[in-house]
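Have the structure open as you read.

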Amino acid sequence: MSENVTESERKNSISDDRLFFQLSWRLTIRYLMIYLIAGSIWIGFSDAALYALFNDKQMLNTVSMLKGWFFMIVSCLAFWAMLRKRQSLWSSALDRLELQQKNNAEQQRILEESRQRATQADKLREQQMYYDMLTHLPNRNYLEREFTKRQHSQKLGLVYLDIDDFRYINDRHGYETGNLIIKLIADTIHSNLREADLAIRIGADEFALLIDPVDSYESLTACVERLRSKLTKSWPVAGDNIYISISFGASIWPEHGNTVEELIQNAELAMMFAKSRGKDEFYLYSDNIREQAVKHADTLAQLRRAVENEEFTVYYQPQIRLSDGQIRGVEALVRWNHPERGLVFPGDFIEAAEESGLIIPMGNQVLRQVAAQRRRWIEQGICPGIISVNISGRRFKHNNLLEVIKPIIEGEGSDTGKLEIELTETVMLENAENAIRIINEIRMNNISFALDDFGSGYASLNYLSRLPVDLLKIDMSFIHNINVNEHNQIIVKTLIELAHGLGMQVIAEGIEYGIQAEILRGLGCDFGQGYLYSRPVPAQELENMLSRGTWS
Ligand code: C2E
Ligand code: CA
Ligand code: CA
């Protein structure tokens with residue numbers, strides 16, 4: 001019989017056994033009756049036959065004894081056969097019983113196993129439903145459940161945290177290091193909270209805290225600041241020291257929302273506001289923050305439409321050689337031809353474009369327009385010299401800058417000979433090794449590089465010496481008061497000497513007065529750019545100056 005007997009098969013075999021035993025019992029009685037009758041008939045008839053056949057008494061005794069023996073042997077054989085049959089029935093019934101017991105035990109084991117598996121699955125489901133797998137902190141679902149339980153008479157605080165520039169940390173150090181940092185931050189948050197407070201991971205590099213209770217704005221701020229001081233620092237991770245800063249936003253129940261969703265949303269808005277204010281800050285939600293967020297969302301929507309409708313246009317500002325007024329080239333500066341607001345300047349939209357990634361298609365449109373304009377100038381016999389284009393950090397970090405530039409420039413029928421890319425020092429220094437590699441690769445294609453806004457950031461001179469750039473653009477903050485501030489003159493002089501020493505040329509930005517140009521020329525500055533020569537203007541307005549080739 002197969003070991004894997006099903007329940008119905010097992011039941012059938014039991015009732016078969018029972019039926020068989022009932023039948024065989026009846027059969028036994030019938031056999032006994034037959035034996036009794038047949039035996040009586042046999043004894044009666046055989047004795048009568050013997051008396052009739054044998055007269056000799058001794059002979060009769062002998063045959064009668066033999067007949068008795070014969071009867072006994074036949075009876076024994078019949079009993080033996082019957083007992084054998086019984087025995088085999090009992091032993092097969094016992095076999096079946098044993099098998100049934102085995103099956104029962106096996107089924108019990110399987111049942112127990114599936115019960116255990118179900119409990120484990122329940123636990124796992126609970127884990128996945130309410131906990132974050134990476135940090136083992138509770139998740140948003142848990143917070144929602146917990147929040148409903150904790151709505152009592154006292155105020156609750158919801159703090160939203162987001163690690164600053166986490167994408168950059170991931171890009172630079174790899175996902176494993178990124179995950180390590182998330183775990184470290186999670187542990188630190190968890191171990192620095194009061195017992196009643198709750199830390200959860202919202203997702204990626206975002207966390208939330210439920211502060212229970214909040215006595216006052218001041219106590220909430222103090223709690224956040226205490227945590228901030230523990231989190232904002234250099235973390236030794238994977239053999240590196242990685243500086244982490246975090247932007248915080250907070251909202252309070254019930255005044256900033258009744259549901260946990262509303263509170264999270266508002267705390268997140270406050271956190272985004274902190275990001276827009278230069279990151280590494282803490283803001284408490286307010287109506288003003290909501291207004292700004294709505295405005296920001298509106299700008300993003302409009303920008304998206306602007307990219308689709310190609311509402312961007314390019315203005316050009318000349319760059320002049322200070323020694324003789326010759327035109328070095330022009331800097332291409334984007335403008336947004338807004339259908340209602342008119343001409344919008346980059347200061348009002350570049351940051352939003354960068355943040356949303358729209359800077360990439362916008363930058364492509366600028367490059368295409370620059371290439372087309374250059375071809376038009378060449379066809380008209382006008383030489384614009386070097387055309388400088390500003391490239392955003394995001395586009396630069398895309399790694400395929402050259403692949404993107406080349407077809408755009410060539411597609412518009414212009415070679416890449418006189419193109420210059422302007423990058424800020426922050427972009428170049430964020431990942432210096434990678435930046436140097438990309439710049440070198442692009443420079444091999446006859447495209448030069450300018451280091452924009454030099455001096456406005458924190459460029460180390462050590463890195464400056466290694467950056468393969470052709471032109472250093474001194475930030476206009478040094479130029480504005482160069483005619484009255486001697487310190488600035490000294491700084492600018494040193495920068496010019498340093499750049500020349502490193503084989504770079506220097507251009508001063510933001511020259512508005514003749515005296516500033518005079519001083520810069522005296523300090524050995526090569527080129528100048530600013531309102532003194534021309535504001536950024538549409539291409540046509542520059543054509544007279546470009547045809548002359550000089551500013552007078
Ligand atoms: P930037 O690259 O430093 O450009 C120079 C800015 O200084 C321009 O502002 C220009 O109009 C202004 N400027 C020039 N001369 C003077 C002057 O004598 N005095 C004063 N006060 N300002 C002067 P704009 O056009 O508003 O551009 C602002 C920034 O937007 C640029 O700074 C650049 O970082 C960014 N930007 C402009 N066009 C593009 C673009 O096509 N792509 C990207 N990614 N960024 C761009
Ligand atoms: Ca620039
Ligand atoms: Ca600049």
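1. A quick word on labels before we start: helices (H or I, at least four residues) and strands (E, at least two) are DSSP runs, numbered from the N terminus. Keep in mind too that this is a predicted model.

2. Start with the overall layout. The protein splits into domain 1 (2-130), domain 2 (140-285) and domain 3 (296-548). Going by C-alpha atoms, the centres of domain 1 and domain 2 are 79 Å apart.

3. Now look at the second largest pocket, with a volume of about 220 Å³. What lines it? There are 13 lining residues, and Tyr35, Phe71, Val74, Ser75 and Ala78 are the ones nearest the centre of this pocket. Helix H1 (7-53) and helix H2 (57-130) are the elements that each give two or more residues to the lining. H2 has the largest share, with seven residues.

4. Is the lining of that pocket charged or nonpolar? By class, the second largest pocket is lined by 11 nonpolar and two polar residues, with no charged ones.

5. Next, a pair of helices. Helix H5 (residues 175-191) packs with helix H6 (residues 217-231) at an angle of about 145°, and their axes are 10 Å apart. The crossing of the two, H5 and H6, is right-handed.

6. Which residues meet where H5 and H6 pack? From H5 come Ile185, Thr188 and Ile189, and from H6 come Leu227, Lys230 and Leu231. Sorted by class, this contact of H5 with H6 has four nonpolar residues, one polar and one charged.

7. The backbone has a few spots to check as well. Most peptide bonds are trans, and most residues other than glycine have a negative phi. Against that background, the following stand out as places to look.

8. The peptide bond running from aspartate 212 to proline 213 is cis, and its omega is near -5°. Proline 213 sits in the loop between strand E3 (206-211) and H6, and H6 is the helix that packs with H5.

9. Tryptophan 253 and proline 254 are also joined by a cis peptide bond, with omega about 10°. You will find proline 254 in the loop between strand E6 (246-253) and helix H7 (260-276).

10. Where is the positive phi? Look at alanine 238, a residue other than glycine with phi near 45°. Alanine 238 lies in the loop that runs between strand E4 (233-237) and strand E5 (240-244).

Definitions and conventions. Residues are numbered from 1 along each chain as its sequence is written. Chains are lettered from A and ligands numbered from 1 in the order in which they are written. This is a predicted model: local features need pLDDT of at least 70, side-chain atom pairs count only at pLDDT 80 or more; totals for chains, interfaces and linings use all residues. Side-chain values use heavy atoms; hydrogens and water are left out. On a 1 Å grid over the protein atoms alone, a cavity is a set of points where a 1.4 Å probe fits but cannot get out, and a pocket is an open set with protein on both sides within 12 Å along at least five of seven lines; lining residues have an atom within 4 Å of a point. Grid points are joined across faces, edges and corners, and a volume is the space filled by probe spheres set on the points. Ala, Val, Leu, Ile, Met, Phe, Trp, Tyr, Cys and Pro count as nonpolar, Asp, Glu, Lys and Arg as charged, and the others, Gly among them, as polar. Axes are lines fitted to C-alpha atoms, for helices over the stretch in contact, and angles run from 0 to 180 degrees between N-to-C directions. A crossing is left-handed if the near helix is turned anticlockwise from the far one by less than a right angle, and right-handed if clockwise. Contact means heavy atoms within 4.5 Å. Domain bounds come from an automatic or database domain assignment.
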